[in-house]
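Colleague: I am new to this structure. Please take one part and walk me through it closely.

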Amino acid sequence: MAKDYVEPPPAPLFDIAEVTNWSFYRALIAEFIATLLFLYVCVATVIGYKKQVGPCDGVGLLGIAWAFGGMIFILVYCTAGISGGHINPAVTFGLLLARKVSLIRAVAYMVVQCLGAICGVGIVKGIMKHDYNTHGGGANTVAVGYSRGVALGAEIIGTFVLMYTVFSATDAKSKARDSHIPVLAPLPIGFSVFMVHLATIPITGTGINPARSFGAAVIYNDKKAWDDHWIFWVGPFVGALAAYIYHQQVLRAHAAKAALNSYYSEPNLSN
């Protein structure tokens, strides 16, 4: 039997009071550490795979996809109750559009996510410097044989899949139907990252996370990586916007509901 559910109120756009709370800074620390761990494990997996010489050596592209998806599953599970488990500026942007977080929190999250990514990749370089420099540093670039337009499209669609999953997995109505949804939410989110990597690793190395791409670009600091870098911000942000419009405004029709609620709450002026 489905329970009654209440949509949580939208987060204020500007909430100065939250910067005085320890919970705000605890969330920033959680996002920083989570993004650091995410980039450390995933980029180390990429470099470890590329240094193998035999065609059957290493984890393969499937293993890389599992590393990214598995780490997101683990880290979202660990940090969801502290920071919401964003670990991705595009996810933060999508949740800002949906008014799940304030603008102040969203900007702060994006900053610490990028800093965490830089530190995570920096640790990889410090541990395996020769292999890191030799095998591309885990930086996202457009692969040979693909145009930047194709790469941009891949990033938009990939981030749409991720953000659509985030909205669906954390939907208040779904939580009301099934009490297990909050516990299981990290699983479909991580699995969506895994599936998108399978599709787009051959095209862009898979970004769908501007912090991931930025951290790798900063530490590797290669001209090709910087020339293509805009794709890994524009694509994820456009994908998150598209997912917000589709899930929140089309499927859930939040704008229409708000308009109807406003209409019915107005006093009947004809009486």
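Modeller: Over residues 24-47 the chain is 100% helix and 0% strand. Helices here are DSSP runs of H or I with at least four residues, and strands are E runs of at least two, numbered from the N terminus. This is a predicted model: local features need pLDDT of at least 70, side-chain atom pairs count only at pLDDT 80 or more, and totals for chains, interfaces and linings use all residues. Residues are numbered from 1 along each chain as its sequence is written, and side-chain values use heavy atoms, leaving out hydrogens and water.

An unreviewed UniProt entry places a "transmembrane region" at 24-47, among other stretches including 230-247. Such annotations may be inferred rather than shown by experiment. Residues 230-247 are 94% helix and 0% strand, with end C-alpha atoms 26 Å apart.

Now the core. The largest nonpolar core has 45 residues. A nonpolar core is a set of buried (under 20% relative accessible area, 1.4 Å probe, protein chains only) Ala, Val, Leu, Ile, Met, Phe, Trp, Tyr and Cys residues joined through side-chain atoms within 4.5 Å. Phe 38 and Met 163 touch the most other members. Helices that supply at least two residues each include H1 (22-50), H6 (148-169) and H12 (231-251). H1 gives the largest share, seven residues.

Look at Met 163 next. Leaving aside residues up to four places away in sequence, Met 163 touches Ala 90, Val 91, Gly 94, Leu 95, Ala 240 and Ala 243. Contact means heavy atoms within 4.5 Å.

Definitions and conventions
Buried < 20%, exposed > 50% of the residue type's maximum accessible area, 1.4 Å probe, protein only.
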